Amino acid sequence: MQKKWDILAVGVHDTKNQLFQAEAMTADLERRLGVDLGEVRYVIESAAASLSRTLNAYRLFTDERALPLTPVVVADLLDEVALDLRQHLARAGLTLTVDGAVDEQWLLDRERVIMLLDNALQNAGRYARQEIRLSATLADDGLCLRVEDDGPGFDSIPPAHGGVGLMLAERITHLHERQGRHGRLALTNGGALGGACVTFWLP
Amino acid sequence: MVDYTKKRFLVIDDQKLAREALRTVAQNMGAFLVEFSSSYPDAIHRIRNNAPDVVLCDYILGDGRSGQQLLEELRRFNLLPDETIFIMVTGEQSYEQVVAAVELVPDDYLIKPFAPDKLMLRLDRLTARKEFFQPFYAAKRRNDHARALALLADGLKSDAGRPYRFESLRYMAETQLRAGQAAAAEATYRSVLEMAALPWARAGLARTLHRQQRLDEARSEIDPVVAAQPDFFDAADLKAAICLDQGEPEEAQRVLDMVARRTPRNYVRKRLLAEAAALNGDMKTANAVMQEVLANDSMPGAVTVQDKLAMARSQIGENHMLDAARTLALLTEPELQHLALPERASYTALLYLCSPSKGKTRFAGLRPALLEAPLPAIARCDVLRAALVLGDNELADYHAKSLMAGEEAKRVFPLVRALYSARQRADDFRDLQRQAALARIHH
């Protein structure tokens, strides 16, 4: 099993190194030529994120190890997710608002939670009319991270075509465990913007 | 927003293209100066001589080394100022497991690929954090533990300190340990563990229990950390130290051997392995490992008098007397002149053992001092061994009794018993043990 993992991981690592070089070259071109290549960089980052998601899915469903939890400042986490996607969403005519004054540390798997939120925001971006909202609150002795849009909402819950993304989101949320409590994922319609609402609750 | 045009960056990566990519990212942020390092020794040299403001270090450094090993060495030898921001750059998401577990962590890590604005966001946050802790860093440098702890306590109570709670608690526990307040450090680590089962906190707790000589409790805390976190090498070192103090040199050697294989250029660990092997009576391993250390540890000032004495000790253990004499001859005249009593005691004892004609007079000359001054366990063992060979039972028994009455009794017991048995004095040793035990009871 470890050998299969090593083969996959090495392949992904090498590919991501090359994508990193492509990203750096693109950013350099932007700076030198004064052009906006944000969408090109977004596509490169999305390709890398997709590779990470695939590798993560493989690992999370085959590896019993606990998630690596580190203290993360929640407000910083939201800022970073917004940085990844705000411009891309703006190019699609969508406004992303971030509402979360949880200015303290929470123990979570930072990279995987960023991946979850990126994924949820990208999905919201496909269906939103004008607005998407990313928020963080404290509730039920846990942290609620919520992505809401003003689109038509989910056709069905659970969605008919949830795919790897939804499966991974449920698994990652569940694996956030503290003092016997596991994280939960909830999909609802309505919310603050009237459309779809994805809530990740982490203990 | 931080002005990066005034910041010096150091990019450490053994791959040219990757270095160029990181340089481009740093320059796009407006970095004032971006320097490169393509190798581990060069990186240490640069940081030691002129520490940069920001280090971007790749996790994989080639030649069997990693950025994590580099970081641990920099922190262990205090070569990296607290104010320098150290970011590990990696394509390996598995590095998160390392960061979540270990005590010596970078300020942050970044998964490739990442955009310049992401690096800038992270650096802004890290700069703010460094500024928050700056008064603490200054107090720490002055070894003003009371002030350092007061600053951390204030920070924990303040709103400004809320985003840095875990760092504050970790710094607090580490400072308490440095200040010799093991019980207070224990309480701090326990408070972290109440919030989350973090491996570094559990290892820290084990360390505080070890300091308080609560060895069984220390062992019960460190064993699961080592089992669950194979990349947490410092935890393995701690377990080995606890095992040695528990009188289990075989387990100490086994653990150290396992991690030393994965960190072949960590010569601090190799020295620990040699010590465990020597206490375990495995002089062949002790000898081989110390030879490797002396031949390969190229850090300036790394090979010490103690290393040469350890080498000679293991050679004597293997009956390679000529080699031991040659090793002792490596000590320079200035080194010999500046030997403190413990090292002088070891030197003369070992010299007598491998070269009786040269060493006998010196050893005899030191005898009065050897019967009075307190010595560390390792020097006592050397003196005891030489005294037994010489037939000086008074000197040998004096040191054996001191060893058996001291905190390191369990650690050295197998070795001392073997030395007495080799001289057909096993019964005498049992009597000495009994006397030491009675003295402890009456104390």
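The paragraphs below walk through selected local features of chains A and B in this predicted model.

Local features are reported where pLDDT is at least 70 and side-chain atom pairs only at pLDDT 80 or more, while totals for chains, interfaces and linings use all residues. Residues are numbered from 1 along each chain as its sequence is written, chains are lettered from A and ligands numbered from 1 in the order in which they are written, and side-chain values use heavy atoms, with hydrogens and water left out.

Two packed helices are described by the angle between their axes and the distance between the axes. Helix H22 (residues 409-422) of chain B packs against helix H23 (residues 426-442) of chain B at an angle of about 140°, and their axes are 7 Å apart; the axes are lines fitted to C-alpha atoms over the stretch in contact, with angles running from 0 to 180 degrees between N-to-C directions. H22(B) and H23(B) are therefore oblique to each other, given that angles under 35 degrees count as roughly parallel, over 145 as roughly antiparallel, 65 to 115 as roughly perpendicular and the rest as oblique. On the H22(B) side, Phe413(B), Val416(B), Arg417(B), Tyr420(B) and Ser421(B) meet Ala426(B), Phe429(B), Leu432(B) and Gln433(B) of H23(B), where contact means heavy atoms within 4.5 Å.

Asp237(B), in helix H11 (residues 233-245) of chain B, has 14% relative accessibility and so counts as buried, the classes being buried under 20% relative accessible area, exposed over 50% and partly exposed in between (1.4 Å probe, protein chains only). Apart from neighbours within four places in sequence, Asp237(B) is in contact with Leu256(B), Val259(B), Arg269(B) and Leu272(B). Arg8(B), which belongs to strand S1 (residues 8-12) of chain B, is likewise buried because its relative accessibility is 15%. The side chain of Arg8(B) reaches the backbone oxygen of Ala51(B) at 3.1 Å, and, with the neighbours within four places in sequence left aside, the residues in contact with Arg8(B) include Phe32(B), Glu35(B), Asn50(B) and Asp53(B).

Helix H3 (residues 67-76) of chain B is mostly covered, with eight of its ten residues buried. Just after H3(B) comes Asn78(B), with a positive phi of about 55°, in the loop between H3 and strand S6 (85-90) of chain B; at 67% relative accessibility, Asn78(B) counts as exposed.

Most residues other than glycine have a negative phi, and most peptide bonds are trans. In chain A, Asp140(A) also has a positive phi of about 55° although it is not a glycine, and this residue is found in the loop between strand S4 (131-139) and S5 of chain A, where its 51% relative accessibility makes it exposed. The peptide bond from Ile157(A) to Pro158(A) is cis, with omega near 5°, and Pro158(A) is placed in the loop between strand S5 (142-149) and helix H5 (163-175) of chain A.

Finally, Arg126(A) sits in helix H4 (residues 110-127) of chain A and is exposed, with a relative accessible area of 56%. Arg126(A) and Leu94(A) are 32 residues apart in sequence, and 10.0 Å separates their C-alpha atoms in space.

Key. Helices (H or I, at least four residues) and strands (E, at least two) are DSSP runs, numbered from the N terminus. A polar contact is a pair of N or O atoms within 3.5 Å; within protein, one must be able to donate a hydrogen and the other to accept it, and residues adjacent in sequence count only if both atoms are side-chain atoms.
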